[in-house]
Amino acid sequence: MNLAELLPELLKGLSNFTLGNAVMIAAALILVYLAVFKEIEPVLLLPIGFGCLLANIPLAGMTAAEGITGVLYDAGIKTELFPLLIFIGVGAMIDFSPLLAQPRMVLLGAAGQFGIFGTLMLAIALGFPLNQAASIGVIGAIDGPTSIFVATKLAPELLAPIAVAAYSYMSLIPIIQPPLMRLLTTKRERLVRMEYMPKPISQKTLVVFPIILTLVVGLLVPEATPLISMLMLGNLLKVSGVVDRLSKAAQNEIINISTLFLGLAIGATMSASAFLNLDTGKIMLLGLIAFALDTVAGLLFGKQMSVMSGLCVPEFGHRQDHAAGLDRVRARYSCGAIIRKTDVCGKRLQDQSADRRGGHLCLSHGGAPGCQNRQRRRPEQLHPHACHGREHGGAVGVGHRRRDSAGDREQVNISKTSEFFENSEVRFRPS
């Protein structure tokens, strides 16, 4: 082979490199920067960013059917395997006790869905067909796996921008929500005390609950059975108390490996040809609106419950999905079955006269028990799919330990909040 034939072969990658590829590689580097240096959802943004990088290297073949990301996409996204495996891990991290102790809190979950339907109508008004509009609206669930699951079924051509919007805005919860909270609540409302779990729940109830819920949902809404059943399976592994190894595997190895492969596969769909268009911009805007509508609707409903009961923290209503409690053993962020937004409630109190009686601020759903033994963990130790609650960026770790009524179980709740809480103590209790 002479030089004239060799040179084009050596430069074929550069000759096929476009401006669009450069833009998307820049976007990939931004995602990696946010994950590594700003520690914003590193478990998610790092594999997504690297997958985007691979997708925009011309002629690499990574996204082809026989390439690694192509294989992962076909095996885990098209078949919906990765979201279902992630939901098993999420279920193993959830504590349904507060919901079972206060069933009325399920109404707040309904209020938190307003963003889905509001965004659905806006998407239709912008010209999206119903299937695409429904997929975009589910961004309002503030749950990456659910958004991916629905988009895969209804609008696979929009999977990349929908997944990126869902995960990006979940990581920006501490920036998006506090201004709306301050705007829609008074200082007095933000200082309402609320008990985490007003009465103990028996293990028999905790075991029966996921089984009954799976049957009810399966019979009434069969299409939702895959996600709900895997969520309930994970929770059953935890509350049964007889398969500790499986429960720990679901909370660690299974969910971590699934998240890694899911991130790579989603990032690999972010090619310049598929991502750089007007529809992507519309989806990103609609996703932001969905998050804002969720917050506003939940806050207003929480304010109404606060007036009626005198015990409900308004901010508790701005996002409670299917559960009113979350055992966040190494959890900090967001899924459809968990409260994602309540964690940032504590940050609003920086500007308030904190009540310093009792333990440390417990950023659990709507309040908490006494808190002791604050612990700090690096973000990479905290899995994002477990908290669908700061499931979001910024600051120092605050934790508390809680024992149930029998005193035989200890749980550690971890969340990220500001340096303020290193020196502050606040306990939520009923007035």
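This is a short tour of side-chain contacts and surface features in a predicted model.

**Stop 1: the leucine patch**

Start by selecting Leu3, Leu6, Leu7, Leu10, Leu11 and Leu14. Together they make a nonpolar surface patch of about 620 Å². Now colour helix H1, residues 3-10. Helix H1 gives the patch its largest share, 4 residues. Then click on leucine 14. This residue sits in helix H2, which spans residues 12-15. Is leucine 14 buried or exposed? Leucine 14 counts as exposed, because its relative accessibility is 66% and the cut-off for exposed is over 50%.

**Stop 2: a pair of rings**

Next, look for aromatic pairs. The model holds 4 aromatic pairs. Select phenylalanine 82 and phenylalanine 261 to see one of them. Their ring centres are 6.1 Å apart. The planes meet at 45 degrees, so this pair is tilted. Phenylalanine 82 belongs to helix H6 (residues 81-91), and phenylalanine 261 to helix H17 (residues 244-267). The pair links distant parts of the chain, 179 residues apart. Phenylalanine 82 is buried, at 7% relative accessible area. Phenylalanine 261 is partly exposed, at 31%.

**Stop 3: a charge over a ring**

Select lysine 282 and phenylalanine 128. The charged end of lysine 282 sits over the phenylalanine 128 ring. The distance to the ring centre is 5.8 Å.

**Stop 4: along helix H11**

Move to helix H11, residues 144-154, and pick threonine 152 there. Which backbone oxygen does the threonine 152 side chain reach? It is the oxygen of isoleucine 148, at 2.6 Å. Threonine 152 is buried, with a relative accessible area of 14%.

Stay in helix H11 and select lysine 153. Glutamate 80 lies in the loop between helix H5 (68-77) and H6. The bridge therefore ties together parts that are 73 residues apart in sequence.

**Stop 5**

Side chains of opposite charge can pair when their charged atoms come close. How many salt bridges does a search of the whole structure find? The search finds 4.

Select glutamate 189 and lysine 303 for another of these. Their closest N and O atoms are 2.8 Å apart. Glutamate 189 is in helix H14 (residues 187-190), and lysine 303 is in helix H19 (residues 278-309). So this bridge joins parts that are 114 residues apart in sequence. Both glutamate 189 and lysine 303 are buried.

Finish in helix H17. Select lysine 248 and aspartate 244, which lie 4 residues apart there. They are separated by about one helical turn. Draw the distance between them: in this salt bridge, the closest N and O atoms are 3.2 Å apart. Both ends are partly exposed, with lysine 248 at 48% and aspartate 244 at 45%.

Conventions:
Residues numbered from 1 in each chain as written. Predicted model: local features only at pLDDT ≥ 70, side-chain atom pairs only at ≥ 80, totals over all residues. Heavy atoms only, no water. Phe/Tyr/Trp six-rings, centres within 6.5 Å; stacked < 30°, edge-to-face > 60°. Helix = DSSP H or I, 4+ residues; strand = E, 2+ residues; numbered from the N terminus. Buried < 20%, exposed > 50% of the residue type's maximum accessible area, 1.4 Å probe, protein only. Lys NZ or Arg CZ within 6 Å of the ring centre and 35° of its normal. Patch = residues over 30% accessible without salt bridge, like charges linked within 9 Å, V, L, I, M, F, W, Y side chains within 5 Å. Areas by Shrake-Rupley, 256 points an atom, 1.4 Å probe, with all protein chains shown as cover. Salt bridge = Lys/Arg side-chain N within 4 Å of Asp/Glu carboxyl O. Polar contact = N/O pair within 3.5 Å; in protein donor to acceptor, adjacent residues only side chain to side chain.
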